[in-house]
Amino acid sequence: MTPSPTTTPDAELVEATARRVVAEHPPTSTPLPELMGAWYDAGLTWVHFPVGLGGLEASRALQPLANRVMREAGGPEPRTVNTIGYGIVAGTIRRYADREFAARRLRPLATGEEKWCQLFSEPGAGSDLAGLATRAVRDGDGWRVNGQKVWNSLAHLSRWAILLARTDPDVPKHKGLTYFVVDMQSPGITVRPLRQITGRAAFNEVFLDDVFIPDSQRFGEVGEGWIVANSTLGDERTSLGDRVAARGSGVIADALALWAAHPERHDPVLRDRLVRLWVRAETQRLTGDRARVAASKGVAGAESAIIKLLNSELAQAVYEFCLELLGPEGTLIDTYSLDAPDDESGPTAIQRKYLRSRATTLEGGTSEIMRNVIGERFLKLPQELRADKGIAWKDIPR
Amino acid sequence: MTQEFEFDDEIVELRSMVREFCAEFSPEALVREHMESELGYDPALWRRLGTDIGVLGLAVPEAYDGDGVGLVAQAVVVDELGAALVCGPVLGTLALAMPTLVALADEDAKRELLPSLCSGEHVATLVAPLATGVLDERAVTIEATENDGWRLTGEVAQVPDGAAADTLLVLARTSDGLALFAVAGDADGLTRTALTTLDLTRRQAAVSFAATPAQLLASGTEAVGAVERAALVASVLLAVESVGGAQRMLDVTVAHVSTRKQFGQPVGAFQAVKHRCANLLIAVETARSAAYHGVWALQDGTDDPQLAAGLAKAAASESYQAVSAGAIQLHGGLGFTWEGSPHLYFKRASTNGLTLGTATQHLDRVAALTLDAVSA
Ligand SMILES: Cc1cc2nc3c(=O)[nH]c(=O)nc-3n(C[C@H](O)[C@H](O)[C@H](O)COP(=O)(O)OP(=O)(O)OC[C@H]3O[C@@H](n4cnc5c(N)ncnc54)[C@H](O)[C@@H]3O)c2cc1C
């Protein structure tokens, strides 16, 4: 029988290393880049990554163990240092970048000194991402890129971006894409913030006007961008879905805290709603645990897509419940100004989270698309008829 | 000991062995034969499960001829029996009577009764008021009096596997409180009336005792504790059985909608159908997590057993009902026929949802343990 991961030598190594780092660099008094740099150098940023690239070549299932040590020492939840960099980009860099690029970019990514964003969606290509129109054309030892991207979270703060562009319009849409990384300080890039439902502007539209990208910043082969993008999207779903660890933590914690704080609003119907939410949260948490055990034994399943879908819909249901529990107070919000508190804080944090939760079923693939993915990739159900199938991208009606 | 959700190689092998056994010796055609027979199951098949492949005593210590492997292994077997809807006293014997006996202190009784249950030679059941999923002591109606040995008197309307049982474990009221007795199936004054059940693969009987001779097994808190433990074990085993049935229904449904063509394409290509299948998968997977968490919690003591069992039972009951109802819908008219499989599973799901507590009763207890505790 296999020993439990919390008692393996690797687990001891991860925990001891994490304790040493937080002892030498007390999280509450060490500047963030220095703290996260030490964390990276010790191999704790992504414990399953190679040694020297922020990892220890340990099981991925041990990451929560390291993060817990950081949290308990008063440090940040590491991924919040560079949300897109950690959750979406790092895995693709490890899989597709050469060692030199990875070594140069991963450390500043890990410390948050270089933020990353994702330039995928376009006005004409959201769910149908593979239909995108941004063009990249060969130019000497690199590429010239023209087009417009949209909904790009944190692009206004980012130094680097991952980009999906069309390099061949004469083949069917999935076949003509190529994947690049772009320096956001390149000439020809314009970033315009877009105001969101919460009043703040955390995503943007990005215009690319004759932007030059050296060929060395191409990931994967020319024309194989869709394959690389899918590995990125897989990581994104995992990172969006896979956050909850302890019973009663995550979004359900807000509902439980509010319930405890408002006994005067308890009634049997709300209690019934809340216990059903609790059960949903708990079965999803356990499914996440089960997925991690399966993944560490190399049995990958439908879990990341399932968990992404479940958690996003749970978040909405939980905050709908919370707002109802707040009653008339739920009709107020502190401010809609552009410099409003972030989506998770401020005196009306519940209302903000309620508004923010409407994004969870859109970002990273809508719920409708997730159900298609689960049906077609995991249950192997027949694909729906697609009007654009087998047609050269340039000939698709639009 | 393996960590939660880690199925080691032996368990994986056990699962495929039981699956093959069921496919070969209890295919649906035979299930239908058994469910329409008078007894409702094939005693020879049950013996083969106990003796030939030895999968009935996995959670029984070796001292009583069990295998002492643990509840997780036993659950995997129940999962597969549920997937194949194998007819037999899974509920009365495996889920209720055996855990009750294992929890007793009386070594002689355990040595006497457990070995023949492990081998499948005998079957047994438990007569106790567990309709809400937990023992309702006030609802114990059988009276026990000591008069030339112990004698029981009273009636119980619905006892799982009551007609087939060679031994009935009966919780009864003595002048000193509750006590647990064993009654032989052929005892004087025992009357059993087989009932027609919604799920023909899972039988019940009305049982009455008229000064029926009985053997005292335990009394007071020991008797109550053993029955309470059995209720927990039975709840998680029924949860796992529900997951097995739901998974089978999902597989059958996905296969059907992938081949059935309308409007020139397989119906599974339509999103309304595809998305419903995705929802069924989610229902199965989340229920599986809850059900096996319950099993591990009872095996290793890693969680509050009441909470884990309530969660498992509620989640798995609702999932099985949704999945088997969805299977009927997605099979179209076929789903409504006697020949099709879905109704068999739908009836088991409906029955599981009403056995050992409804989903809402379990949810109410989960709420008491989580929400009410928080606000108190
Ligand atoms: C907060 C937020 C942050 C984001 N961050 C980024 C980012 O950093 N980078 C980036 O590139 N993108 C980002 N996105 C974009 C996101 O990926 C897209 O919004 C999403 O993929 C949906 O595309 P769309 O908005 O064009 O909607 P559409 O694709 O137009 O969808 C409209 C509706 O049609 C449904 N629909 C579409 N196709 C189908 C189908 N085949 N079957 C059934 N229903 C269908 C959708 O489910 C939806 O309900 C972000 C979005 C949000 C909300």
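I looked up helix 7 and helix 10 of chain B, which are roughly antiparallel to each other (an angle over 145 degrees; under 35 is roughly parallel, 65 to 115 roughly perpendicular, the rest oblique). The model is predicted: local features need pLDDT of at least 70, side-chain atom pairs pLDDT 80 or more, while totals for chains, interfaces and linings use all residues. Residues are numbered from 1 along each chain as its sequence is written, chains are lettered from A and ligands numbered from 1 in the order written, and side-chain values use heavy atoms without hydrogens or water.

**Helices 7 and 10, chain B**

I noted an angle of about 155° between helix 7 (residues 220-259) and helix 10 (residues 342-352) of chain B, with axes 10 Å apart. Helices here are DSSP runs (H or I, at least four residues) and strands are E runs of at least two, numbered from the N terminus. Axes are fitted to C-alpha atoms, over the stretch in contact for helices, and angles between N-to-C directions run from 0 to 180 degrees.

**Helices 1 and 4, chain B**

I then checked helix 1 (residues 9-25) and helix 4 (residues 71-84) of chain B. Their axes come within 9 Å and cross at roughly 30°. That makes helix 1 of chain B roughly parallel to helix 4 of chain B. Among the residues that meet are Ile11(B) and Leu14(B) from helix 1 of chain B, and Val72(B) and Val76(B) from helix 4 of chain B.

**Trp393(A)**

Where is Trp393(A) found? I located Trp393(A) in the segment after helix 11 (367-378) of chain A. At 11% relative accessibility, Trp393(A) counts as buried (under 20% relative accessible area; exposed is over 50%, partly exposed in between, with a 1.4 Å probe and protein chains only). The Trp393(A) side chain reaches the backbone oxygen of Gly131(A) at 2.9 Å. Beyond four places in sequence, Trp393(A) also has contacts including Arg166(A), Pro169(A) and Arg398(A).

**Two positive phi values**

I found Leu154(A) with a positive phi of about 65°, though not a glycine. Leu154(A) sits in the loop between strand 3 (142-150) and strand 4 (160-166) of chain A. Leu154(A) is partly exposed, at 24% relative accessible area.

Asp161(B), also not a glycine, has a positive phi near 55°. I placed Asp161(B) in the loop between strand 3 (150-160) and strand 4 (167-174) of chain B. Asp161(B) is buried, with a relative accessible area of 9%.

Note on methods:
Contact means heavy atoms within 4.5 Å. A polar contact is a pair of N or O atoms within 3.5 Å; within protein, one must be able to donate a hydrogen and the other to accept it, and residues adjacent in sequence count only if both atoms are side-chain atoms.
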